[in-house]
Amino acid sequence: MHTDGSVAAVDLGATSGRVLLAHVDRDGIRTEQVARFPNGPVALYEDGREALHWDVVGLLGQVVAGLRDTLRRAPDLTSIGVDSWAVDYALLREGRLLGLPYHYRDARHEAGVAPVHERITAAALYARNGLQHLPFNTVFQLAADPDAHLADRALLVPDLLGYWLTGVTATERTNASTTGLVDATTRGWDPTLVAATGLPTGLFPDLRDPGDRLGTLLPSLGGGVPVTLVGSHDTASAVVAVPATDDDVAYVSSGTWSLVGVELDAPVLTDAARAANCTNEGGVDGRVRFLKNVSGLWLLSESVRTWERGGDRVDLEALLAAAAEVTEPVAVFDVADDVFTAPGDLPARIATWCTERGLAVPGSRAEVVRSILESLAVAYAETLRTITEVTGKDVRVVHVVGGGSQNRLLCQLTADRTGLPVLAGPVEATALGNVLVQARANGLAGLGGASLAALRDLVARTVEPVRYTPAPGSDARGHRTTIRSHA
């Protein structure tokens with residue numbers, strides 16, 4: 001029996017959030033954006049400095065308003081699913097929020113690295129959790145959090161929203177895999193890793209899988225509608241919606257961050273993988289997302305915010321078009337350098353970085369943008385080369401999904417720098433992956449029990465990617481770029 005139906009996807013990103021209504025049938029997925037709202041760090045003065053937090057209470061208000069509007073449009077809604085960014089958490093005691101969660105760009109976490117490594121070496125840590133070393137990983141944040149010992153519960157951001165929507169606490173497994181507290185092989189909480197934070201076990205609730213029912217919407221919020229766990233780490237959901245028909249593919253989930261990787265059946269925990277700073281994160285259906293976190297389009301958006309703070313209105317489309325017309329070589333900088341992590345005047349930091357290394361400083365805004373996109377494309381290419389060397393996986397096509405799939409210049413530069421065809425889209429990969437897991441869990445459109453391949457086939461029938469081929473004459477320096485795209 002094929003049952004059509006509608007679900008709601010709550011998709012929270014590091015710069016914006018949205019609530020989408022999706023109708024699923026055998027022919028594909030139709031989405032309607034019900035609500036969209038900004039998101040970003042809130043600076044609060046504490047301990048003699050400005051600390052960055054997330055306004056999760058404000059996010060809840062926006063989500064609830066969006067869901068109420070969704071229920072008015074689709075009173076027979078089948079399910080609700082929530083995804084968000086990773087690593088950040090809220091502390092609770094007896095069910096009450098102890099304070100606004102810290103933002104991963106807050107500098108506080110840096111103090112947590114040394115204490116963790118005093119309890120467990122970096123090599124032993126990687127052998128257990130398989131995670132790329134990032135100083136804002138949850139394991140380090142918790143070690144640096146002066147209030148963590150006051151809490152009896154910690155919830156990752158999508159799990160916090162799920163708790164507030166249903167009254168049920170759980171930790172979804174794909175997002176838990178980003179904390180540094182989960183054994184990469186057993187996929188369960190690792191007491192040794194929790195002990196490395198200096199905190200007791202049991203701080204996080206039991207692990208649950210994508211597709212499990214968390215609970216039902218509280219009566220005060222509309223009541224009765226099931227809340228289904230999805231790949232609540234937004235990249236886990238995005239990878240579900242990569243419209244790949246073969247296995248020899250890599251993906252770039254391109255947004256505020258760029259997650260560059262491949263999908264594997266088992267983690268790779270070798271010394272070579274650790275030396276390359278690759279990460280093993282949990283995927284839907286027990287798959288492993290073997291990838292690296294690469295800085296993303298936040299570099300561009302933060303540069304635009306800098307220019308606009310100066311009183312200018314920036315036309316991004318016009319700026320990207322001008323960047324595509326830049327013919328002279330521009331500086332390629334290391335997008336992973338810590339100097340580019342915090343909010344602020346990114347163009348000035350790029351100029352300083354180039355000056356210190358004897359590189360030509362980008363002059364115009366178009367050159368700054370071209371420098372950012374060239375640098376990202378180089379980082380993608382180098383990361384993919386590393387991943388194929390470490391895993392032995394053959395990659396013939398690169399799928400770019402997420403907001404960055406709309407950036408034609410970046411997609412073309414990625415094709416040129418990698419020497420591989422790029423298939424761009426879908427833009428709303430995270431939301432589509434969220435929807436697909438809900439649809440399968442609730443038996444919509446005949447998807448009950450469907451494989452990942454079947455889910456991806458439905459995406460391929462819903463969205464036709466745009467193809468970019470490496471430009472003739474482009475090479476590892478990649479300065480000759482002409483956009484060559486077609487559907």
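Student: Which salt bridge do the side chains of E356 and R357 make, and how far is it from N to O?

Tutor: In general, a salt bridge needs a side-chain nitrogen of Lys or Arg within 4 Å of a carboxyl oxygen of Asp or Glu. Here the N to O distance between E356 and R357 is 3.5 Å, and their side chains meet. Keep in mind that this is a predicted model, where local features need pLDDT of at least 70 and side-chain atom pairs count only at pLDDT 80 or more, while totals for chains, interfaces and linings use all residues. Residues are numbered from 1 along each chain as its sequence is written, and side-chain values use heavy atoms, with hydrogens and water left out.

Student: Is E356 buried or exposed?

Tutor: Relative accessible area decides that: under 20% is buried, over 50% is exposed, and in between is partly exposed (1.4 Å probe, protein chains only). E356 has 61% relative accessibility, so E356 counts as exposed. Elsewhere, salt bridges with shared partners join E32, D69, R72 and R73 into one network.

Student: What else does R357 do, over the face of W353?

Tutor: A charge sits over a ring if NZ of Lys or CZ of Arg is within 6 Å of the ring centre and within 35 degrees of the ring normal. R357 lies over the face of W353, 4.0 Å from the ring centre. Have a look at R108 too: its charged end sits over the ring of Y102, at 3.9 Å from the centre.

Student: Back to salt bridges: how many does the structure hold?

Tutor: There are 27 of them. One of these joins R30 to D25, with the closest N and O atoms 3.1 Å apart. D25 is buried, because its relative accessible area is 12%, whereas R30, at 48%, counts as partly exposed.

Student: Which parts does the salt bridge of E263 and R287 tie together?

Tutor: The two side chains meet at 3.3 Å, N to O. E263 lies in strand β15 (residues 257–264) and R287 in the loop between β16 (279–282) and β17 (288–295), so this pair ties together parts 24 residues apart in sequence. Strands here are DSSP runs of E with at least two residues, numbered from the N terminus. E263 counts as buried at 13% relative accessibility, and R287 counts as buried at 18%.

Student: Now the rings. How many aromatic pairs are there?

Tutor: Rings of Phe, Tyr and Trp (its six-membered ring) pair if their centres lie within 6.5 Å; planes under 30 degrees apart are stacked, over 60 edge-to-face, and the rest tilted. This structure holds eight such pairs. W54 and W85 form a tilted one, 4.1 Å centre to centre with 35° between the planes. W54 is in strand β5 (residues 49–54) and W85 in the loop between β6 (79–83) and β7 (89–93), so the pair links parts 31 residues apart in sequence. Both W54 and W85 are buried. F333 and F340 also make a tilted pair, at 5.0 Å centre to centre and 55° between the planes; F333 is buried at 3% relative accessible area, and F340 is buried at 1%.

Student: Which cluster do ring pairs make with W54 and W85?

Tutor: They link W54 and W85 with Y104, F136 and W257.

Student: Where does pLDDT stay under 50?

Tutor: pLDDT is the predictor's confidence in each residue, from 0 to 100. Its mean over the protein is 94, and 97% of the residues reach 70 or more. The stretch under 50 is residues 476–487, for which the model has 45 contacts (heavy atoms within 4.5 Å) beyond four places in sequence.

How values were computed: Helices (H or I, at least four residues) and strands (E, at least two) are DSSP runs, numbered from the N terminus.
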